[in-house]
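These are my notes from one sitting with the model. I went entry by entry and wrote down what I looked up.

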Amino acid sequence: MSRQLQRSLALSFALAACTNAPDEDTDAVGPDVADASDDGKADSGSTLRVRAGAMTVWVDRNARISQVNGELVMTVRGRASRTLTGAFSFVPDDAFGSARVVSTSSFEVDLRGGHEINSVLSGMPLFVDLDVATGNEPDYALRLELAPAFVKFSGSSSLNVNTFTAPIFVGKDVPDPLRYQAQVSTSATTPLSVAGAAAQVYPSRGGFAVDLTYDSVDAVLRGTGAVTFAQGSASKVATLGVRTRAIALATADAYDAWPEPTCNVDVYNCALEYQGVDLATCGSYREVSRCAYADICEVTNEAPLSLAPLGLAFVWDSALDDYRDGCSRGGSWCRLDTIEAFMLPECLAEVPTLADVVTRANALTDDQSFAGGDFASGTVLDRAGVQGTPAFSTSYSGGGPSLFQAIDAHMGAGEIQGWQYTEEVPCHNCTDFRTKLILWWPAAFRVVVLEGGHGYDS
């Protein structure tokens with residue numbers, strides 16, 4: 001069923017519920033998009049309020065939890081300052097939940113079962129299209145963020161339980177990587193125990209972190225909701241419910257007002273650094289999960305061709321020494337003056353050619369004594385051709401093959417595209433050449449530039 005058809009059906013039911021219209025909204029016009037968030041305090045009032053365009057919306061802070069035929073149902077209730085003619089709930093790319101107009105200006109949204117409730121509590125925004133009877137904007141978009149939260153407290157003041165739990169990502173190798181993390185602050189260091197909910201407890205940030213799976217949250221919501229935190233003789237009872245964490249209202253389409261986010265590069269780098277350990281420090285469940293399975297090219301912008309220096313001398317130092325030791329062989333000789341390594345961006349705007357790479361490498365490594373020549377003046381080499389050069393064969397030093405193996409192994413031993421430029425230099429009663437050799441491993445995004453020479457007595 002299409003979203004438009006679903007909306008049409010929802011509107012037909014909603015219109016029947018609209019009888020006496022409220023007075024039209026006469027307050028000052030608000031911005032096109034506005035938001036409000038819950039500060040987590042007990043005395044903050046029963047609703048969150050937001051105004052955009054010519055309408056104000058109030059949403060109950062606490063969702064209603066019930067069971068229908070054994071299925072858990074979470075209901076969010078709100079009201080508007082204008083006459084409502086319809087309501088339709090959805091998440092990005094899909095109808096979601098069930099929204100309805102319940103009076104002239106009030107609406108409700110139901111989420112049922114583990115899939116719908118868990119998806120929204122994990123940080124997925126829930127959108128609600130609200131259609132109004134009059135005004136310049138025929139409909140408004142409402143954005144809801146909900147979270148498991150402790151709504152009532154009793155017991156020791158030495159244990160402070162944060163109102164909201166935080167959805168966190170605990171590692172992509174875990175079958176269920178979502179946890180709802182509660183924070184308990186305490187100055188004592190003795191162990192903390194939890195009763196009334198299956199949880200993992202560990203020290204964290206001035207107290208303890210308490211991680212709950214959704215199954216554990218579901219079980220608590222189906223029961224009394226009471227969770228007891230105990231440390232030594234001190235204990236605190238907290239009642240778990242669901243609370244509206246933030247709301248936003250827009251006069252525009254939801255997809256335009258709140259584009260679907262992509263992986264943030266800082267979160268991506270943080271997740272790489274922590275490698276599955278304490279990923280909660282990197283961001284929320286949705287923020288980290290977007291990056292955990294992302295390709296680097298989805299995260300960073302496409303880059304122009306560039307070469308960044310790499311300090312890889314340790315890879316070939318020993319083999320380079322052996323090569324140089326073998327360069328003096330009676331009537332012939334060789335030398336290898338420098339080996340430099342560079343990294344290409346992994347996400348290039350265009351796939352470069354060997355000529356592109358050679359031109360850029362020459363620009364970085366050319367000096368006044370040896371310019372290296374343009375691409376057309378050199379010789380293009382495949383793997384066999386590279387191995388047959390004076391630098392890597394046994395023609396001038398027995399250490400050539402070992403030097404090639406040391407470099408190639410570090411690059412993954414994949415495809416090589418090579419280029420060599422050789423020019424003769426003056427030599428009395430002898431023949432002498434100097435050479436630049438540029439090697440590119442496309443799959444490794446790496447380039448190695450060698451400068452040296454070889455010669456023999458005439």
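I began with Phe445. It is partly exposed, at a relative accessible area of 25%. I placed Phe445 in the loop between E24 and strand E25 (446-457). Helices (H or I, at least four residues) and strands (E, at least two) are DSSP runs, numbered from the N terminus. Phi of Phe445 is near 60 degrees, positive in a residue other than glycine. Most residues other than glycine have a negative phi.

This is a predicted model, in which local features need pLDDT of at least 70 and side-chain atom pairs pLDDT 80 or more, while totals for chains, interfaces and linings use all residues. Residues are numbered from 1 along each chain as its sequence is written, and side-chain values use heavy atoms, without hydrogens and water.

Next I checked Asn429. Its phi is also positive, about 55 degrees, and it is not a glycine. Asn429 sits in the loop between strand E23 (417-425) and strand E24 (430-441). I logged Asn429 as exposed, with a relative accessible area of 55%.

Then helix H5, residues 265-274. Which residues of H5 are buried? I found Val267, Tyr268, Cys270 and Ala271. They lie on the same side of H5, because they cover an arc of only 165 degrees around the axis. The arc is taken from the directions from the helix axis to the C-beta atoms. The buried residues pack against helix H6 (285-292) and helix H7 (296-299). Asp266 and Glu273 are exposed on the face turned away from the buried side. At the start of H5, a side-chain oxygen of Asn264 comes to within 2.8 Å of the backbone nitrogen of Asp266.

I moved to Pro92, in the loop between strand E6 (84-91) and strand E7 (94-95). Pro92 is partly exposed at 22% relative accessibility. Not counting residues up to four places away in sequence, Pro92 touches Pro125, Phe127, Tyr255 and Glu260. Contact here means heavy atoms within 4.5 Å.

Last entry: Ser393. It lies in the loop between helix H10 (383-387) and helix H11 (400-410). Ser393 is buried, with a relative accessible area of 11%. Leaving aside neighbours within four places in sequence, Ser393 is in contact with Gln387, Gly388, Gly400 and Pro401.

Note on methods. Buried means under 20% relative accessible area, exposed over 50%, partly exposed in between (1.4 Å probe, protein chains only). A polar contact is a pair of N or O atoms within 3.5 Å; within protein, one must be able to donate a hydrogen and the other to accept it, and residues adjacent in sequence count only if both atoms are side-chain atoms.
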